[in-house]
Amino acid sequence: MAIFIQYPWLAAVVGGTLLWLGRETGRRAAVAAGITWLLYALYETGMKLRWLCTGECNIRVDLLLAYPVLLVLTGVGVISLLRGGRRRARSSGAP
């Protein structure tokens, strides 16, 4: 996950994808995960550009909380998307 520190736009790509898929399928968990990733991308961009950190930004204790939250929300969002696809296929009358 350290790649998101160097390239925060990748976190925005993950967030945008989850947000788009969540909106298309009506899955609030995926939408919430996408929004969280987009907020993280903004935060990480601020850290990279030194807007949110005044001195030494190499010791990132904040990531001890951010990464587990992102992983759990992403997992829940992806599971909801996978379950939503199967449920929607059955309700459409398809065999």
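**The aromatic rings**

Modeller: Tyr67 counts as buried, because its relative accessibility is 14% (buried is under 20% relative accessible area, exposed over 50% and partly exposed in between, with a 1.4 Å probe and protein chains only). The model is predicted, so local features need pLDDT of at least 70 and side-chain atom pairs count only at pLDDT 80 or more, while totals for chains, interfaces and linings use all residues. Residues are numbered from 1 along each chain as its sequence is written, and side-chain values use heavy atoms, leaving out hydrogens and water.

Searching the whole structure gives three aromatic pairs (rings of Phe, Tyr and Trp, the last by its six-membered ring, with centres within 6.5 Å; planes under 30 degrees apart are stacked, over 60 edge-to-face and the rest tilted). One of them joins Phe4 and Trp37, which are edge-to-face because their planes stand at 65°, with the ring centres 5.0 Å apart. Phe4 belongs to helix H1 (residues 3-6) and Trp37 to helix H3, so this pair ties together parts 33 residues apart in sequence (helices are DSSP runs of H or I, at least four residues, and strands runs of E, at least two, numbered from the N terminus). Phe4 is buried at 11% relative accessibility, and Trp37 is buried at 4%.

Tyr40 and Tyr67 form another edge-to-face pair, with centres 6.2 Å apart and planes at 65°. Tyr40 lies in helix H3 and Tyr67 in helix H4 (residues 63-91), so distant parts of the chain, 27 residues apart, are linked. Tyr40, at 6% relative accessibility, is buried. Through ring pairs, Phe4, Trp37, Tyr40 and Tyr67 are joined into a cluster.
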